[in-house]
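This report looks at one chain of a predicted complex and at the two partners it touches. Please keep the sequence and the coordinates at hand while reading.

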Amino acid sequence: MSTHSTRSAARLMVSPSVILLFIWMIVPLAMTAYFSFRFYRLLSPERTGWVGFNNYTWFLNSPDFWVAITNTLLLVGGVLIITVVLGVLIALLIDQPIWGQGPLRILVISPFFVMPPVAASIWENLFMHPQNGLLAAVSRGFGTDPILYLETYPMVSIIFIVSWEWLPFATLILLTALQSMSSEQLEAAEMDGASALARLRYLILPHLGRAITVVILIQTIFLLGIFGEIFTTTQGGPGNSSTTLPYMIYKQALIAKDIGRAAAGGIIAVILANIVAIFLMRGIGKHLDT
Amino acid sequence: MARAVSTQRKIAYTAAAWAVGLTIFFPVFWTILTSFKTEADAVASPPVFLAADWTLQNYADVWSRSDYPRFFWNSVVISIGSTILGLAIAIPAAWSMAFVPGKRTKDLLMWMLSTKMMPAVGVLIPMYLIFLWTGLFDTRTGLILALMLMNLPIIVWMLYTYFKEIPAEILEAARMDGASLRNEIIYVLTPMAIPGIASTMLLNIILAWNEAFWTITLTTVDAAPLSAFIASFSAPQGLFYAKLSAASTMAIAPILIMGWFSQKQLVRGLTFGAVK
Amino acid sequence: MGQITLKSVRKSFGEVDVIPGVDLDILDGEFVVFVGPSGCGKSTLLRLIAGLEDTTSGSILIDGKDATALPPAKRGLAMVFQSYALYPHMTVKKNIGFPLKMAGMDPAEAEKRIQRAASVLNLTNYLDRRPGQLSGGQRQRVAIGRAIVREPAAFLFDEPLSNLDAALRVGMRQEISELHQSLKTTMIYVTHDQVEAMTMADKIVVLNAGRIEQVGSPLTLYHNPLNLFVAGFIGSPKMNLIAGPEASKHGATTIGIRPEHITVGDGPWEGVVGLSEHLGSDSFIKVDVPGLGIINVRGPGELGVHHGDRIKLAPAGKIHRFDANGLALA
């Protein structure tokens, strides 16, 4: 389909995006790496110099860092498990013969379109607030003291909020995959004598395998960078109990204004993301055939 | 998958499904409800569902007093701006990758996907510094650039999958009919690509509006969109719940409505075409 | 107008030589059919002539002028695609008028041509519809209409009937033949269906793996196939090809005899009837003859033989002889 004229025109047209993304990838990353090996604080910019791996060792020696890593992994893992498991169940339910599937889908999908600060704010104030929140009212209704969710269980609360936001995404993807399944395949299985449970186990779940893989992959990319919800509610606290790696780096960069340290943190975050990606690719890469 | 089932079964499934759906939607519903209450009703204990005197005053207050209109406008400008910029760069790229694929095209696409995998904090420092040094910090232009770069892989991929669905033979027919490349694009490709471009535009506006990292870290006062505003507004003291609910409802309403119509686009765009 | 010459045309995709080398002369006004099995390169050859693909080497001349480097728009050819490739967002009228618009033709003149094409193809009542509202046959006609208005030097058809159902196919086949009669323009037609080739062509080009096996009129190919491939390709059901001692009897490595050239009754070949198909107008039977293999026989009317019958067959037409390389012997 291609001839000389179209091919050279094509190359010209891809270039801007490739060049842009390339620069966007290489230059900032290189700069981050550069600064990570330097001492540079915005409040005292005259004092700069090479400090080798000092910034990195600061992180590795800081207990906050390991808490942040743990929290990051908890967040990603927790949300993944909740959204995928519930997503499959809800998708299966919605796919059954029911009335009003259209409007129902709209209800289920809504949380995904609520911007993270608003989602966090709604949960923080309208629900989890110890005096005025709805959950507090429920506790009082049961005669117990309201739970201070965001203070006592900060990480769990954050995981809950983020799961609420991302459950619709998982459900929608899985529902789409479910509905793309050929009904003839299921009918053939039924003629072969397979029960509903058997059809679920041997036909439906394997078919969903690919969609689940995609959901896990895409969600992981986004979940590793969750920021807005934490910024809005706990600011990483109390103490460091809900600080994730991105938030920790943010604090170093924009609050402590320690460029060197934040840069080192950034590089560590990139390495972490790559490790997670490798594990993901290896573990479930087989399901993917683009 | 729905076949004739007993009505009993159908009722049971419907009840269960709607129970789940309503539960998931409840927080949004509660927020909208609260936005029409008086402040007293908003924090009443036990909670008031349907307020006796419901009011639009909260909306009026939020809109007229605080800088809310400015933040709203920033959100609009940044979302649409980054979308248009992104489309301008992505459309030619996706065109050539879809219609004149080379040996490296597949690799190129996967590489673009991988750039999305890089955590934003990895480039926070350079972005922050470059924005400070070039005066882009706390400007709408700066945010438009940042968000465009963030979403460019998604835009390219999404357009690519839509373009791939345009039968190559129709473009060849145009060529045989004597159309130059320019005419081919104007009279044949673009009309056929418009639905795909519109879908991509919709999804990108949604993603840009809801973005909550660069919009918070690279702004302070001038260019802060709604995401930054709500994020800083949400401090524990001095809160007025009804007004907060009104502010939240206005912040999410446009995207919520857009989102209801863009389920298919969401699936295609965010799974990079892997699920259709 | 409409004379096309291919000189040593070669096409490779990377390492693969799809067309190793083709020389061909197409005369003005001829109806030429490129026929061959899937993957033989017939569509590729058509697209090279159209200009939708670049040749790797060789030259293509249109009316004596070298068109090898010309883009499709400048070659003065019109193509009807297998999927019709109609513009879905344009009405039938705009579809047909598109090439004229691209040529910058005066709108009044264009209107005349469009109306003329529409009446020839019975599309006048459909001019304001969109392709999505038309049936397969109607879309086919719009595609042809779009080609006709340009009054090209030659028409190129890429398997235009394969997306139609059987009954429609026969009708459209005849319409295209009639179109050729009235327009008298060169037509190059690609198909894998040898019945279409035989019924429509002035000249058939049989292709196999990018090579021309034989060029000739339909009856020439039928009576005098130059090699085993053409012998087995032309004619339905296929020619019976027999090797072994029976072939040696006739001084060849392989002999061929067409199913319609065998009579049932008395003859040298005796065997048991296997599958038999009775269409009323013809009978097709498979006979297992020891030493020869399964012989296909076609007979007029009702042959009255059935599965398991023991019958005798006799060759009653030309026995084609082929040597060890598959080439026909005189």
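How many of the eight residues of helix α11 (residues 226-233) of chain B are buried?

## A mostly covered helix

Helix α11 of chain B is mostly covered, with six of its eight residues buried, where buried means under 20% relative accessible area, exposed over 50% and partly exposed in between (1.4 Å probe, protein chains only). The buried residues are B:L226, B:S227, B:A228, B:F229, B:I230 and B:A231. Their packing partners come from both chains: α5 (116-127) and α11 (228-232) of chain A, and α4 (68-99), α9, α10 (214-217) and α12 (241-260) of chain B. Helices (H or I, at least four residues) and strands (E, at least two) are DSSP runs, numbered from the N terminus.

## Basis and confidence

The model is predicted, so that local features need pLDDT of at least 70 and side-chain atom pairs count only at pLDDT 80 or more, while totals for chains, interfaces and linings use all residues. Residues are numbered from 1 along each chain as its sequence is written, chains are lettered from A and ligands numbered from 1 in the order in which they are written, and side-chain values use heavy atoms, with hydrogens and water left out.

The model scores ipTM 0.87 and pTM 0.79. Chain C averages a pLDDT (the predictor's confidence in each residue, from 0 to 100) of 91, and 100% of its residues score at least 70.

## The fold of chain B

Chain B has 13 helices and zero strands. Its C-alpha atoms fill a box of roughly 75 × 70 × 35 Å, taken along the principal axes, and 58% of its 276 residues count as buried. Among the contacts (heavy atoms within 4.5 Å) in chain B with a separation of 6 or more, 77% are between residues 24 or more positions apart.

## The interface with chain A

The contact between these two chains takes 102 residues from chain B and 95 residues from chain A. Together they bury about 9100 Å², 80% of it on carbon and sulfur atoms; buried area is the accessible area (1.4 Å probe) that two parts lose on being put together, summed over both. Helix α1 (residues 7-35) of chain B gives the most to the side of chain B that touches chain A, with 19 residues. That side divides into 75 nonpolar, 20 polar and seven charged residues, given that Ala, Val, Leu, Ile, Met, Phe, Trp, Tyr, Cys and Pro count as nonpolar, Asp, Glu, Lys and Arg as charged, and the others, Gly among them, as polar.

## The interface with chain C

Here the contact takes 15 residues from chain B and 23 residues from chain C. The area buried between them is about 1700 Å², with carbon and sulfur atoms giving 64%. In chain B, B:E169, B:M176 and B:D177 lose the most area to chain C, together 43% of what that side buries.

The count between chain B and chain C is two salt bridges. In one of these, B:E172 pairs with C:R47, with the closest N and O atoms 2.5 Å apart. The elements of chain B that give two or more residues to this side are α8 (168-176) and α9 (181-210), and α8 of chain B supplies the largest share, seven residues. By class, the side of chain B that touches chain C divides into nine nonpolar, two polar and four charged residues.

Technical notes:
Salt bridge = Lys/Arg side-chain N within 4 Å of Asp/Glu carboxyl O.
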